[in-house]
Amino acid sequence: MSEMDVLFATLRQAADPPTVECIENVVKHGSDRDLNRINALAFADKHHLDEEKTIAALLHAARIGAFEMTWNVLCPGCGGVLDSGATLKGVVQDTYHCALCAAGYEPTLDEMVEVTFTVSPRVRRIAAHDPDRLPPLEYYRQIFFSSGVDLPEDLEAKFDRIQLEMIELAPGEKAFVSLQLPAQFVIIFDAVTHSAQFIDVQGEPTDERQTLSMIISRTHALNETLTLRPGLLRLTLENHTDRRVVPNVCIAGDELHDLLGRRRPFLTAKRLLTNQSFRDIYRTDTLDVDQRLKITSLTFLFTDLRGSTALYERVGDLAAFDLVRAHFRVLHEIVATEAGAVVKTIGDAVMATFPSPDRAVAAALRMREAMLRLNAEHGSDDLLLKIGIHEGPCLAVNLNDRQDYFGQTVNIASRVQGLADPNVIMTTEAIVGDAQVSEILRDGGISSVSRLAELQGIGREVRIFALS
């Protein structure tokens with residue numbers, strides 16, 4: 001039995017077998033490009049798989065060494081990969097600069113950090129394992145651009161229409177290029193070092209030869225936009241790095257913007273951090289203790305059992321423990337199937353996160369129904385669940401050796417839960433104002449009653465909504 005067979009036999013024990021079978025089939029028969037920086041959501045869509053099962057399978061595959069997981073910091077403008085690492089611990093800069101867009105960005109985990117999966121060399125060797133040997137444009141496709149940029153299959157043909165020159169330079173090599181500058185905005189860009197030079201070509205055409213020298217180095221030196229005239233340009237390019245570089249000269253017009261503007265969903269760091277499989281597999285190996293990473297929008301759901309102390313007194317420790325444990329098991333299952341994750345339990349309370357408000361509300365409604373069923377099965381109303389939901393910005397942190405969250409959004413969600421009555425889901429305006437939540441409530445015939453409430457420690461009144 002080969003090592004690949006052993007790894008996939010192990011993987012089938014940990015993840016959904018049909019999903020694993022699909023991944024194994026692509027590993028055996030897919031192209032090299034199919035196995036580099038796999039976009040989990042696009043993979044699931046292409047092969048008609050469940051997204052959550054696909055993410056879980058790839059996470060398990062990375063854990064056993066069949067795949068390598070990569071965390072890529074992205075430019076929200078062009079979709080280029082600004083930095084890359086094996087873990088989220090590598091995202092340490094306050095600002096990341098994109099030379100191609102000439103802009104700096106503060107990293108957030110919502111849309112600026114993607115997670116991709118590449119087959120391990122021990123399973124199958126692919127061209128991207130040696131990126132400096134990729135053809136230049138394939139390097140741009142597979143290494144520079146993120147999996148969220150939906151580049152067309154005929155990229156070469158489309159890029160030819162805007163490309164004036166594309167060359168390869170070995171370490172220390174110098175090249176001289178002659179080209180005709182059109183009266184348009186032109187960019188010289190290298191995808192390896194992210195070196196860039198902008199040229200605003202304007203004015204009357206000239207017969208005089210214009211010259212320009214550009215040194216490609218690791219310093220990412222920012223160059224001011226040059227103004228040249230349409231006509232002949234003699235360009236000198238020098239590679240001052242220890243790697244091959246692949247500079248190109250292209251027209252930065254509508255065709256380039258249209259090419260890079262095609263986007264598709266991808267697995268964000270935020271979504272992965274709120275994924276139960278990820279938390280179960282990787283546990284504390286996510287953030288360094290000093291990291292504080294911003295999330296623009298995350299939905300928090302808190303639950304608690306009302307009267308649990310009286311429950312232990314009434315039915316006895318053993319019966320109460322079994323009943324509470326059954327309640328935890330049901331809540332965990334519901335959270336996981338709604339793309340959420342349980343962050344922690346405190347006594348009889350649960351703190352969970354979801355990538356969007358609609359997922360949290362769907363989970364809350366299912367939790368309420370599940371508690372009613374458990375009570376019916378036991379012939380009593382012992383499980384009186386209080387639920388609170390809120391959405392907003394927060395920080396992802398490492399707290400008490402656990403990946404956790406910090407901020408006012410968390411505080412409000414916790415306080416809102418404290419105001420809930422049993423079997424009533426308490427939310428904020430941020431939740432009920434979501435379009436998809438409104439659709440869920442309308443389809444389910446669920447009414448809401450709002451009021452202003454003073455939340456302890458918040459210092460202002462918050463409008464809360466009781467869903468019943």
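Me: Is E24 buried or exposed?

Reply: This is a predicted model. In it, E24 is buried, with a relative accessible area of 9%.

Me: Which side chain does E24 meet in a salt bridge?

Reply: That of R12, at 2.8 Å from N to O. R12 lies in helix α1 (residues 3-14) and E24 in helix α2, so the pair ties together parts that are twelve residues apart in sequence. R12 is partly exposed, at 31% relative accessible area.

Me: How many salt bridges does the structure hold?

Reply: 20. One of them joins K344 and D404, with the closest N and O atoms 3.0 Å apart. K344 sits in strand β15 and D404 in strand β18, 60 residues apart. Both count as buried: K344 has 18% relative accessibility, and D404 has 1%.

Me: What about D190, then: how far away is the nearest side chain of opposite charge?

Reply: 6.9 Å, and that side chain is R218. D190 is buried and has no salt bridge.

Me: Which backbone nitrogen lies 2.8 Å from a polar atom of the D190 side chain?

Reply: The one of V246. Beyond its neighbours within four places in sequence, D190 has contacts that include Y140, S195 and I216.

Me: Switching to helices. At what angle do α2 and α4 pack?

Reply: About 65 degrees, with the axes 9 Å apart. The crossing is right-handed. T19, V20 and I23 of α2 make the contact with K53, T54, A57 and L58 of α4.

Technical notes:
Residues are numbered from 1 along each chain as its sequence is written. This is a predicted model: local features need pLDDT of at least 70, side-chain atom pairs count only at pLDDT 80 or more; totals for chains, interfaces and linings use all residues. Side-chain values use heavy atoms; hydrogens and water are left out. Buried means under 20% relative accessible area, exposed over 50%, partly exposed in between (1.4 Å probe, protein chains only). Lys and Arg count as positive and Asp and Glu as negative; His and the chain ends are not counted. A salt bridge is a side-chain nitrogen of Lys or Arg within 4 Å of a carboxyl oxygen of Asp or Glu. A polar contact is a pair of N or O atoms within 3.5 Å; within protein, one must be able to donate a hydrogen and the other to accept it, and residues adjacent in sequence count only if both atoms are side-chain atoms. Contact means heavy atoms within 4.5 Å. Axes are lines fitted to C-alpha atoms, for helices over the stretch in contact, and angles run from 0 to 180 degrees between N-to-C directions. Helices (H or I, at least four residues) and strands (E, at least two) are DSSP runs, numbered from the N terminus. A crossing is left-handed if the near helix is turned anticlockwise from the far one by less than a right angle, and right-handed if clockwise.
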